[in-house]
Amino acid sequence: MKRFGFNVLRLLTVAMLLPWLASCEVEFSPNAQWKNIPVVYCVLDQDDDTSWVRVERCYLSDDGAMLYGNNPDSINYREGEISVAILAYEGDRQRDSIPFAYTLRQRDSGAFAGGMQPVYFCETRGRLKENYDYFLNVRTADGKLLATSSPVRLIKQTEEALITAPTGNYGFSFYSNGSNCKIAWNNLANARIYQPVVRFYYGVEGETRYVDLNCQRYAPPYNSQKSEIFYPLSRFLTDLKTLLQQDTASRKEYLKRVDIYLTCCTEDLNAYLSTAAQGSNVEQSHETYTNIKGGLGVFAARRTHLYKSMKSDASETAGEGLYWHLRNLGVGLYLP
């Protein structure tokens, strides 16, 4: 991990990018002579249609981060000022070069500059290979290498039955474990921070809708040998009622279908998120993880489209059947 002391560097969360090792320690002083230092964010997912890269410039300020952070000229590179590409290697042999195009995307206003912000994109669905090492390169207009990354490998699904539970005749239900539903999965090589999500489907006037119930709070730590959680029935009912109440339709058809999604990320992204969470105040110095050489930020990979479809328990047994509980939530669910 590199260590950087700063009080004026704007760090954007990786979540902005979608909807994103060095062996020595280096001290970075914001009051040193200015250098062209990019801040780079990119998270690859081979299941996405498009990959995105955010590149901004590190800036110096004696007047506080907020003053300069609200000025887009302080943080954004102009179109044509830099180029962005991802290179794919198999061993020592380069297999692919993926150039990214410049575009503008709307960013909500906040503590830092909002409005239209530059990002770089490329359609990569079907192009990213799980056995390649990927490097992200940022170059100046004259072709000089400005920043590059440590190698990143995609998260590979090595087991056909990735999500192993719930199983049985009832599918998604709370029978086998009493007041809990067991959600289990096979661990993946190079994957951390497993986050299961229950996608509950329902119908309104012939239209299929869904809500996502995030089970993250029940997941084991990423370094745990366990690969399962138990979703309490009481918590599930509370979460589902809260979400379904946001849909004002008076009648919602119970579709007997649930998908279990599993998201995970590489160690690079886990390390970045862990250190970034410790430095929420940009006016104070703190350590942050980076695997960008010649700059700051993170280049990593994740998976968000791993899922298993199953039927949902439609039993009306009083006090036991899942539909019996759902019918009594008072949100308009009915069994056709």
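# Buried serines and paired strands in a predicted model

S149 is buried, with a relative accessible area of 1%. Buried stands for a relative accessible area under 20%, exposed for over 50%, and partly exposed for what lies in between (1.4 Å probe, protein chains only). The structure is a predicted model, in which local features need pLDDT of at least 70, side-chain atom pairs count only at pLDDT 80 or more, and totals for chains, interfaces and linings use all residues. Residues are numbered from 1 along each chain as its sequence is written, and side-chain values use heavy atoms, with hydrogens and water left out.

## The chain as a whole

The protein chain has 5 helices and 16 strands. Both are DSSP runs numbered from the N terminus: helices are H or I with at least four residues, strands are E with at least two. Of the 336 residues, 49% are buried. The chain exposes about 16,500 Å², and carbon and sulfur atoms supply 46% of that area. Accessible areas come from the Shrake-Rupley method with a 1.4 Å probe; for residues, only the protein chains shown count as cover.

## Around S149

S149 belongs to strand β7, residues 145-149. Its side chain reaches the backbone nitrogen of L136 at 2.9 Å. This falls under the heading of polar contacts: pairs of N or O atoms within 3.5 Å, where within protein one must be able to donate a hydrogen and the other to accept it, and residues adjacent in sequence count only if both atoms are side-chain atoms. Beyond neighbours within four places in sequence, S149 is in contact with Y134, F135, L136, N291, I292, K293 and F299. Contact means heavy atoms within 4.5 Å.

Strand β13 covers residues 252-265 and is mostly covered, with 10 of its 14 residues buried. Strands count as paired if DSSP finds at least two bridges between them. In general, strands of a sheet pair through backbone hydrogen bonds, either parallel or antiparallel.

| Strand pair | Sense | Bridges |
|---|---|---|
| β10 (192-204) and β13 | antiparallel | 9 bridges |
| β13 and β15 | antiparallel | 8 bridges |
| β13 and β16 (333-334) | parallel | 2 bridges |
| β9 (180-185) and β12 (228-232) | antiparallel | 5 bridges |
| β8 (163-165) and β9 | antiparallel | 2 bridges |

Individual residues mark these pairings. Y254 in β13 stands opposite Y202. I260 has K308 of β15 as its bridge partner. E253 is bridged to Y334 in β16.

K256 also lies in β13. At 39% relative accessibility, K256 counts as partly exposed. Neighbours within four places aside, K256 is in contact with M310, K311, S312, A314 and L335.

## Around S312

S312 sits in the loop between β15 (296-311) and α5 (322-327). S312 counts as buried because its relative accessibility is 4%.

## Helix α4

Helix α4 spans residues 267-276, where D268, L269, N270, A271, Y272 and T275 are buried. In an α-helix there are 3.6 residues a turn, so residues three or four places apart point the same way. The buried residues of α4 pack against β1 (38-44), β10, β13 and β15.

## The sheet β8-β9-β12

β8, β9 and β12 form, in that order, an open sheet of 3 strands with antiparallel pairing. β8 and β12 stand at the edges with a single partner strand each, so one side of each has no neighbour in the sheet. Neighbouring strands of this sheet are turned by 25° against each other on average, direction ignored. I163 has W185 in β9 as its bridge partner. C181 has Y231 in β12.

Helix α3, residues 233-244, lies across β9 and β12 and runs at about 70° to β12. Axes here are lines fitted to C-alpha atoms, for helices over the stretch in contact, and angles run from 0 to 180 degrees between N-to-C directions.
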